[in-house]
Amino acid sequence: MSEEKSFLTLERVVGGIIDQEVIAFGGTTGFLVTFATNAYEDGHVAWLTQKFEEWKREIEKAGMIVESVWIKKAPKKGGKGSIEISMKILGSLKPLIKAKNEKFATNLMSTLRKTLAEIVMEYFGPKFDFGNPFFEATHIHRYVFTLLCSNQEEGKEKIVKFIEDYSDLKNLIDSCGAILKDVPCCDEMRLQLMIRWKLDATESQRYMLEKVIDAYFQGMGFTSIMWKTETV
């Protein structure tokens, strides 16, 4: 990376194109950088927040100011979320440029902000996969189950016994790289599992964990297992 790009200022972007007389070196120019992401859970958001905080510290060494990071997760798995980074660099265009031709000035600023976002993406973009985030290790996932059994009373008895001793499932979850933190009291056939990952986990690891949990309860004789994941 050239010296001009290693420390980003407005002068280095427009130098040789716009006369320096219209640059206010003490000002700042704000712009927005946007990313698409497949994040659909709070665990993803927690991971992204942590990673973008690390990226923020690095990018500010290059003279940029990160004002805010806004992460909007997808409404469901398979959907698209977005990440918006509000940023600034040193230097701005003096107000007098607008006195000559306001429409030109407006278009110039729009093009300038777009160019700044493209420069950030090309030379300073995050090195982690923000499009396909991990499940953050310390984030606790609450799985809420509705378990159905051909014999409802027998099913209730099985759940009571499970609450008393769930060490078998705990060991299975441990083998998948996760920790079963707690099994809160259930309501009839509704059961909860509080789980967190030992390390940041991929989508495939999450899928495998859920398949193992499904198989475990099917092995207990439950014919239907309906569940959802909630944030804690």
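Good morning, everyone. Let me begin in helix α6 (residues 152-164), where K156 and E153 are three residues apart and so are separated by about one helical turn. Their side chains meet in a salt bridge, at 3.7 Å from N to O. By salt bridge I mean a side-chain nitrogen of Lys or Arg within 4 Å of a carboxyl oxygen of Asp or Glu. Helices here are DSSP runs of H or I with at least four residues, strands are runs of E with at least two, and both are numbered from the N terminus.

Before going on, a word on the source. This is a predicted model, in which local features need pLDDT of at least 70 and side-chain atom pairs count only at pLDDT 80 or more, while totals for chains, interfaces and linings use all residues. Residues are numbered from 1 along each chain as its sequence is written, and side-chain values use heavy atoms, with hydrogens and water left out.

Back to our pair. The cut-offs are under 20% for buried, over 50% for exposed and partly exposed in between, with a 1.4 Å probe and protein chains only.

K51 counts as partly exposed at 21%, as does E54 at 33%.

Now for helix α8 (residues 203-219). E210 and R206 are four residues apart there, so about one helical turn separates them. Their closest N and O atoms are 2.4 Å apart in a salt bridge, and both residues are buried. E41 joins in as well: E41, R206 and E210 are linked in a network of salt bridges. In general, side chains of opposite charge can pair when their charged atoms come close. The count for this model comes to ten salt bridges.

Let's step back to the whole chain. The protein chain has eight helices and seven strands. Its C-alpha trace spans about 85 × 35 × 25 Å along the principal axes. What is its radius of gyration? The chain has 26 Å, whereas a compact globule of 232 residues would be near 17 Å; the radius is taken over C-alpha atoms, and the globule rule is 2.2 Å times the number of residues to the power 0.38. Of the 232 residues, 40% count as buried. Among contacts between residues at least 6 apart in sequence, 74% join residues at least 24 apart, with contact meaning heavy atoms within 4.5 Å. The accessible surface comes to about 13,100 Å², and 52% of that belongs to carbon and sulfur atoms. Those areas come from the Shrake-Rupley method with a 1.4 Å probe; for residues, only the protein chains shown count as cover.

On to the inside. A nonpolar core is a set of buried Ala, Val, Leu, Ile, Met, Phe, Trp, Tyr and Cys residues joined through side-chain atoms within 4.5 Å. The largest one has 36 residues, and those with the most contacts inside it are L8, L48, F52, M64, I85, M87 and V120. At least two residues each are supplied by α2, β1 (23-37), α3 (42-59), β2 (65-72), β3 (81-93) and α5. Which element gives the largest share of this core? That is α5, with seven residues. There is also a second, separate core of 28 residues, which includes A178, L180, F217 and F222.

Leaving out residues up to four places away in sequence, I85 touches, among others, F31, F52, W55 and V66. Q192, in strand β6 (residues 190-197), counts as buried at 16% relative accessibility. Beyond four places in sequence, the contacts of Q192 include R142, Y143, D182 and C185.

F7 sits in the loop between α1 (3-6) and α2 (10-14) and is partly exposed at 33%. With I65 and L90, F7 forms a nonpolar surface patch of about 220 Å² of accessible area together. Patches are made of residues with over 30% relative accessible area and no salt bridge, with like charges joined within 9 Å and nonpolar side chains (Val, Leu, Ile, Met, Phe, Trp, Tyr) within 5 Å.
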